[in-house]
Amino acid sequence: MGHIMYGSEMSLFSGKARAYLRWKGVEFTEIAPTPAIMKSEIIANIGWPVVPVIKLDTGAYVQDTADIIDVFERRDSTRPVMPGAPVQNFVSYLIQLFADEWLTLPAMHYRWNHNEEWIYTQFGANAAPDASPEEQYEAGKQVGARFHGFVPMLGVTDATIPGIEQAYEQFLADFSTHLEIYPYVFGHRASFADFGLIGPLYAHQYRDKYSGELMKRVAPRVANWVERVIAGDGKDGDLIPDDAIPETLLPILKVQMAEQIPALSATNDLFGTWAETAEPLSEVPRGFDMIPFTTGGHSGQCAARSFPLYRLQDALDAYALLHPDDKARADALLDEIGGGALKTFKLKARLTRRNYKLALA
Ligand SMILES: N[C@@H](CCC(=O)N[C@@H](CS)C(=O)NCC(=O)O)C(=O)O
């Protein structure tokens, strides 16, 4: 029995796992999470409804895209996904954090405010492949309700939508400029950061009808990158030498420092308050109270979600492990991108995953 990936074309994190697996040359069968599969395979083995889930050829289950990547990297160390140079590795984790936990905001906004009717037909075709279009639409609405319900929690409101769209279009412009020089984030082959970014940029922003038209119109280079990365291309070619961080990534990292890090800092404070009275090794709630945030110059409130702190922890760990010379270069980069706060950022408690859920370490 080979590896199975339970995942779907409509799912953000399935795109991340799929692109990585293709690039890594892993053979796998992808199975769509129909309601029956959700119950018998995913909820039965993972404990909650989520994709992607990998069932390895050993029968073991893996959830969370970073863990999926980790498992296959351990099995096959040829052509590692991480750049391997210390500052590039650190920035790779920062980009994963930005992609997984900040670019999800425009991804969800465009899907649910510009592609809603279309996406119901897609969810429906997945849930009930043999039903009539009308039945599929109704089935799709039921499946979609759960995801649609996440939208207000992300802070998508009339007040923030202009900022979300402005920030997304700026991101497309910045990434296009980068892609004029390099075909991938760190040079001439794909690496960890590309697989981070493909998540929010494939299913929602390329494959969804209206979003895909927008991307192809305003950022054809990004659309072309999406096509290459989702296909698993970029296997050969050199990474940027000397652990250099290309200038063209700086505008993107500056936005991350200005917008996402303050939200994570506010989240960390609420996490700290919760952790003070939590039992050791407790499961961590998925969210705390609401926090203020700003994107594209517009401010609102969003739920303080705990999972982004876990992605941040990976970046902070990579930073903490830097040797003095590398750390000096990382610090110079942080100063340049307005990320000085990261130098002393301490999570209020260490996080881990236990039983496929976030928990205190
Ligand atoms: N951090 C997880 C996120 C997975 C995730 O959020 N998957 C979405 C679909 S793309 C989902 O199933 N969400 C259900 C939920 O969050 O309750 C990963 O990297 O695998």
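Three cavities of 30 Å³ or more occur in this predicted model. A cavity is a set of points on a 1 Å grid over the protein atoms alone where a 1.4 Å probe fits but cannot get out, whereas a pocket is an open set with protein on both sides within 12 Å along at least five of seven lines; lining residues have an atom within 4 Å of a point. Volumes are the space filled by probe spheres set on the points, with grid points joined across faces, edges and corners.

The model is predicted, so that local features need pLDDT of at least 70 and side-chain atom pairs count only at pLDDT 80 or more, while totals for chains, interfaces and linings use all residues. Residues are numbered from 1 along each chain as its sequence is written, and side-chain values use heavy atoms, with hydrogens and water left out.

The lining of the largest cavity includes E101, W102, Q260 and R305. Helix α12 (250–277) and strand β6 (298–305) each supply at least two of the lining residues, and α12 gives the most, with four residues. Helices (H or I, at least four residues) and strands (E, at least two) are DSSP runs, numbered from the N terminus.

The table sets out volumes and lining classes; Ala, Val, Leu, Ile, Met, Phe, Trp, Tyr, Cys and Pro count as nonpolar, Asp, Glu, Lys and Arg as charged, and the others, Gly among them, as polar.

| Space | Volume | Lining residues by class |
|---|---|---|
| Largest cavity | about 80 Å³ | seven nonpolar, two polar, two charged |
| Largest pocket | about 1300 Å³ | 25 nonpolar, eleven polar, eleven charged |
| Second largest pocket | about 270 Å³ | seven nonpolar, no polar, five charged |

Among the 47 residues lining the largest pocket, W48, V50, F147, F150 and R286 are the closest to its centre. Helix α7 (residues 133–148) gives the most to this lining, with four residues. In the second largest pocket, α3 gives the most, with six residues; α13 (307–320) also supplies at least two.

Helix α3 (residues 65–75) also packs on a sheet, touching β1, β3 (53–55) and β4 (contact: heavy atoms within 4.5 Å). The direction of α3 makes about 130° with that of β4; axes are lines fitted to C-alpha atoms, for helices over the stretch in contact, and angles run from 0 to 180 degrees between N-to-C directions. This open sheet has four strands in the order β2-β1-β3-β4, with mixed pairing (strands pair if DSSP finds at least two bridges between them). Its edge strands are β2 (28–31) and β4 (61–63). Strand β1 (residues 3–6) runs parallel to β2, joined by four bridges, and M5 stands opposite E30 in β2.
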